[in-house]
Amino acid sequence: MITTIDEERGEVIVKTGDSETRYSLSTAEGFAAASRAWVRATWDSKYVYSFAWMGRPIIQLPEDMVRLQEVIWDLKPDVLVETGVAHGGSLIFYASLFEAMGKGRVVGVDIEIRPHNRQAIEAHPMKKRIDLIEGSSTAPDVLAQVKALIKPGETVLVVLDSNHTKAHVLDELRAYGELIGIGSYVVATDGIMAQVKGAPRTGDDWDWNNPLTAIHDFVAEDKRFIVEEPAFPFNEGVVTGRVTYWPDAFVKRIA
Ligand SMILES: C[S@@+](CC[C@H](N)C(=O)[O-])C[C@H]1O[C@@H](n2cnc3c(N)ncnc32)[C@H](O)[C@@H]1O
């Protein structure tokens with residue numbers, strides 16, 4: 001796919017094979033085409049490795065965190081469980097929202113919490129809202145530890161951001177889907193892998209071995225779940241789709 005942005009005419013031109021389509025940048029389609037190219041640039045340039053939240057590195061496209069914040073405010077979960085801690089920035093982000101909201105706890109699971117990351121998270125003012133569990137997110141003893149931190153009747157939101165192979169994300173969806181109630185979500189991140197295959201630091205199997213295929217298989221096998229984009233709570237523009245590393249990430253429990 002070749003995307004050309006003509007700022008003088010306010011157009012984006014998308015060429016796929018022999019076909020060429022022009023969109024005005026003022027349309028949702030034009031915005032989506034330009035955004036797709038921009039997201040590819042954020043991948044190639046490692047732009048998402050340039051942010052911190054309250055002092056801790058957070059490896060996310062900021063727009064994904066702002067959109068997730070909209071869901072957190074709307075759902076007001078008692079517990080947010082995230083698999084994949086890394087430097088802890090995303091845990092601190094959720095905990096800081098909960099601190100401002102006056103309710104909510106965070107459970108972070110990682111197969112390896114490096115000593116310097118653990119030390120920084122434990123010294124952080126938001127740590128009072130965070131529990132850390134070290135181990136593989138799908139290991140039975142880890143799942144038991146997560147469950148033990150959730151009280152009956154609590155509203156739980158889950159974010160999956162650990163190992164992004166199809167098999168692991170599918171196992172996580174099956175396990176963590178059981179933790180959430182009707183109306184809540186398991187957010188399976190980083191389905192962008194399919195879209196950036198061929199770019200630097202990508203694998204040959206990323207077209208199928210990614211969270212997106214796991215999400216689609218999971219909702220096909222378990223009818224209690226659907227993929228549902230949370231609507232933007234405020235929108236005076238023409239765009240209704242997220243600019244995201246997380247396509248189709250919001251897996252909602254409906255039964
Ligand atoms: C993309 S990083 C997480 C980024 C973090 N959520 C953030 O927003 O800054 C992925 C993390 O998943 C962890 N990980 C990999 N395999 C895992 C597994 N099987 N279970 C739990 N964590 C795993 C890695 O150690 C790594 O820290």
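This note goes through the predicted model point by point, from its basis to single residues.

1. **Basis.** This is a predicted model, in which local features need pLDDT of at least 70, side-chain atom pairs count only at pLDDT 80 or more, and totals for chains, interfaces and linings use all residues. Residues are numbered from 1 along each chain as its sequence is written.

2. **Domains.** The assignment for the protein chain gives domain 1 (2–45) and domain 2 (52–253). These bounds come from an automatic or database domain assignment. The C-alpha centres of domain 1 and domain 2 lie 29 Å apart. Across the boundary, 10 residues of domain 1 are in contact with 10 residues of domain 2. Contact here is C-beta to C-beta within 7 Å, with C-beta atoms placed from the backbone. The side of domain 1 that touches domain 2 has 5 nonpolar, 3 polar and 2 charged residues. For these classes, Ala, Val, Leu, Ile, Met, Phe, Trp, Tyr, Cys and Pro count as nonpolar, Asp, Glu, Lys and Arg as charged, and the others, Gly among them, as polar.

3. Strands β1 (residues 2–6) and β2 (residues 11–16) run antiparallel and are joined by 5 bridges. Strands pair if DSSP finds at least two bridges between them. Helices (H or I, at least four residues) and strands (E, at least two) are DSSP runs, numbered from the N terminus. D6 has E11 of β2 as its bridge partner. The hairpin has 4 residues between the strands, and G10 takes a positive phi near 70°.

4. **Ligand shell.** The ligand has 21 residues around it, and G84, A86, S90, S162 and N163 come nearest. The elements giving two or more residues to this shell are β6 (79–83), α3 (89–101) and β7 (105–110). A residue counts as near if its C-beta atom, placed from the backbone, lies within 6 Å of the molecule. By class, the shell divides into 6 nonpolar, 11 polar and 4 charged residues.

5. **The loop between β6 and α3.** A86 lies in this loop. A86 has a positive phi of about 50° although it is not a glycine. It is partly exposed, with 19 other C-beta atoms within 10 Å. The cut-offs are 20 or more other C-beta atoms within 10 Å for buried, 12 or fewer for exposed, and partly exposed in between. G88 is placed in the loop between β6 and α3 as well. G88 counts as buried because 29 other C-beta atoms lie within 10 Å. Leaving out residues up to four places away in sequence, G88 touches R56, N117, A120 and I121. G88 and V239 are 151 residues apart in sequence and 31 Å apart in space, C-alpha to C-alpha.

6. **Nonpolar core.** The largest nonpolar core has 53 residues, and V81, V158, V186, V187 and A188 have the most contacts inside it. Such a core is a set of buried Ala, Val, Leu, Ile, Met, Phe, Trp, Tyr and Cys residues joined through C-beta atoms within 7 Å. Helix α3 gives the largest share of this core, 6 residues. In soluble globular proteins, nonpolar side chains tend to be buried together. V158 touches V81, Y176, L179, I180, V186 and V187, not counting residues up to four places away in sequence.

7. **Strands β9 and β10.** Strand β9 (residues 156–160) runs parallel to β10, and 3 bridges join them. The partner of L160 in β10 is A188. From β10 (residues 185–188), Y185 and V187 point one way and V186 and A188 the other way. All four are buried.

8. **Helix α6.** In α6 (residues 166–176), the buried residues are V169, E172, L173, A175 and Y176. Their cover includes β6, α5 (140–148), β9, β10, α8 (211–221) and β12 (250–253).

9. **K76.** K76 is found in the loop between α2 (62–75) and β6. It is not a glycine, yet K76 has a positive phi of about 50°. K76 counts as exposed because it has 12 C-beta neighbours inside 10 Å.

10. **R224.** R224 lies in the loop between α8 and β11 (225–227). With 12 C-beta neighbours inside 10 Å, R224 counts as exposed. Leaving aside neighbours within four places in sequence, R224 is in contact with R253, I254 and A255. The C-alpha atoms of R224 and K252, 28 residues apart along the chain, are separated by 8.4 Å.

How values were computed
Two residues are in contact if their C-beta atoms, placed from the backbone, lie within 7 Å.
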